[in-house]
Amino acid sequence: MVRNRTLWATAALLAATLGVAAVPATAAPATATRAATACPTGWGSLDKTYFAGTATSLTNVRTGRHDCYDRFVVDVPGAGAAELGFSVAYVDRLYQDGSGRPIAVGGGAILEVRVNAPSYNVETGTPTYPGRVAQPLPGVNLTGYSTFRDTRYAGSFEGVTQFGLGVRARLPFRVLRLADHLVVDVAHTW
């Protein structure tokens, strides 16, 4: 019985969290007072890994701002949640796979995001994501974000695509595997 309640509570929390991303933002009236938001805790800042991989190519990276966290989303259309392997960890410096080239990432801490999916068509070698190595991610504007400070593309090597995410400080984060998407949320505070 307790397990069922825990399962339903977890499902409700996940649905509420994902629902926030789908609802367009609207401005609150100037006279309204904003209720304090209870932010989740307990994510931790230790490495998070899931061992799986896909030959399905990633096509886009986007970000979003939320009350308690900033969100980093990697789109891998056609990949199931179970196929989306990853490794996400804080690093002292971002080094490009294959070459070992250091890539500068701004912010107080660097979160390295590795997605076990190529950013190119595996049959033709044609790029499926327009990122350029060591450059900010195309189409991502971090103006106004509480936690995110910088993004860098580190390339795709042997089917693993690598990103550097500059954050304000070494803050707790979580990783969600969803059909077609890998999501990394970084909390605004401890």
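**Exercise 1.** Is strand β9 (residues 160–167) mostly covered or mostly uncovered, and how many of its residues are buried?

*Solution.* Before we start, note that this is a predicted model, where local features need pLDDT of at least 70, side-chain atom pairs count only at pLDDT 80 or more, and totals for chains, interfaces and linings use all residues. Numbering runs from 1 along each chain as its sequence is written, and side-chain values use heavy atoms, leaving out hydrogens and water.

Step 1: strands are DSSP runs of E, at least two residues long, numbered from the N terminus. Step 2: buried means under 20% relative accessible area, with a 1.4 Å probe and protein chains only. Step 3: by that cut-off, 7 of the 8 residues in β9 are buried, so mostly covered it is.

**Exercise 2.** Find the strands that pair with β9.

*Solution.* Step 1: pairing takes at least two DSSP bridges between two strands. Step 2: β7 (residues 109–115) runs antiparallel to β9, with 7 bridges, and here arginine 114 sits opposite glutamine 162. Step 3: β8 (residues 148–157) is also antiparallel to β9, over 8 bridges, and aspartate 150 faces glycine 166. Step 4: look at the β8–β9 hairpin, where 2 residues lie between the strands. Glutamate 158 in that turn has a positive phi of about 55 degrees.

**Exercise 3.** Work out which strands stand at the edges of the open sheet.

*Solution.* Step 1: write the order of its 5 strands, β1-β4-β7-β9-β8, paired antiparallel. Step 2: β1 (48–50) and β8 each have a single partner strand, so one side of each lacks a neighbour in the sheet.

Key: Buried means under 20% relative accessible area, exposed over 50%, partly exposed in between (1.4 Å probe, protein chains only). Helices (H or I, at least four residues) and strands (E, at least two) are DSSP runs, numbered from the N terminus.
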